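Here's a quick tour for anyone meeting this structure for the first time.

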Amino acid sequence: MIDDEPPGRTWCMVEVDIFRDLSEAEMDAVGAAAPMRTYAAGEMLHSPSQPCEVLFILKRGRVRIFRVSADGRVLTTAIISPGTIFGEMTLLGQRMYGNFAEALDDVTVCVMSHADVRTFLLADPRIAARITEILGRRLADLEQRLSDSVFKSVPQRLATTLVTLSSSTDGANTRILPGTRHPQITLTHEQLAALAGTSRETTTKVLHEFADRGLLRLARGRITVLEPDRLVDESG
């Protein structure tokens, strides 16, 4: 992790939904309380062995929240996109417990302490209401992921993950190829396997099956989605 100074105090606040109608003075006050940090792809922002009660405001990149069972199985509980929040914050009723937070690609976050969250966020009813909405959506997403892990097959889970990644282009690991309509996902098979809760070998096998059927095109470290509607069908 590399500490850095933002281009301006409000840099982390701009385009973050919970701050959308704050005045310039209010934005500046919040920005002063939230220093910027950057993390490289694969780096941990949070782990059970290094607990810290802070709130992360994600400005750039994507973060995977996951937990590991006693027998080594991994469950991804959330994929955090830019413009939202996550972290260990009892004050908000949000706990990381035994979860890890991993940078899926190079990410930039701004970090707020327990005291600053109380002063600048929870004291403002506009922001507090939006935080409640975010946490509610995240709980619904977690319930869906848990349901998928139990009731969906591996090909269905992989198709679901590909659809989720390709339907949003705000992360550094998803982009549209110049001159085409096809989203390109820049993740390795091992990273995709972790998101879908399966092995790299099984992921590679299923991806090649999808490619043979014309749903996608594979290249080293890249997956181009050719038939998103058919992938939706495959996701169950």
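Let's start with the aromatic rings: there are 2 aromatic pairs here, where rings of Phe, Tyr and Trp (its six-membered ring) pair if their centres lie within 6.5 Å, and planes under 30 degrees apart count as stacked, over 60 as edge-to-face and the rest as tilted. Keep in mind that this is a predicted model, in which local features need pLDDT of at least 70, side-chain atom pairs count only at pLDDT 80 or more, and totals for chains, interfaces and linings use all residues. Residues are numbered from 1 along each chain as its sequence is written, and side-chain values use heavy atoms, with hydrogens and water left out.

**The ring pairs**

- Phe-56 and Phe-86 are stacked, at 5.0 Å centre to centre with 20° between the planes.
- Phe-56 sits in strand β4 (residues 54–60) and Phe-86 in strand β7 (residues 84–87), so this pair ties together parts 30 residues apart in sequence; helices (H or I, at least four residues) and strands (E, at least two) are DSSP runs, numbered from the N terminus.
- Phe-56 and Phe-86 are both buried (buried is under 20% relative accessible area, exposed over 50%, partly exposed in between, with a 1.4 Å probe and protein chains only).
- The rings of Phe-66 and Phe-100 are stacked too, because their centres are 5.1 Å apart and their planes are at 10°.
- That pair links Phe-66 in strand β5 (residues 63–68) with Phe-100 in strand β8 (residues 100–103), 34 residues apart.
- Phe-66 counts as buried at 6% relative accessibility, while Phe-100, at 23%, counts as partly exposed.

**Thr-76 and its surroundings**

- Thr-76 belongs to strand β6 (residues 74–80) and is buried, with a relative accessible area of 3%.
- Its side chain makes a polar contact with the side chain of Arg-64 at 3.1 Å (a pair of N or O atoms within 3.5 Å; within protein, one must be able to donate a hydrogen and the other to accept it, and residues adjacent in sequence count only if both atoms are side-chain atoms).
- The Thr-76 side chain also reaches the backbone oxygen of Ala-194 at 3.0 Å.

- The axes of helix α4 (residues 154–166) and helix α6 (residues 200–212) come within 10 Å and cross at roughly 75°.
- Residues of α4 including Leu-158 and Leu-162 meet residues of α6, among them Val-206 and Phe-210.

Technical notes: Axes fitted to C-alpha atoms, helices over the stretch in contact; angles between N-to-C directions. Contact = heavy atoms within 4.5 Å.
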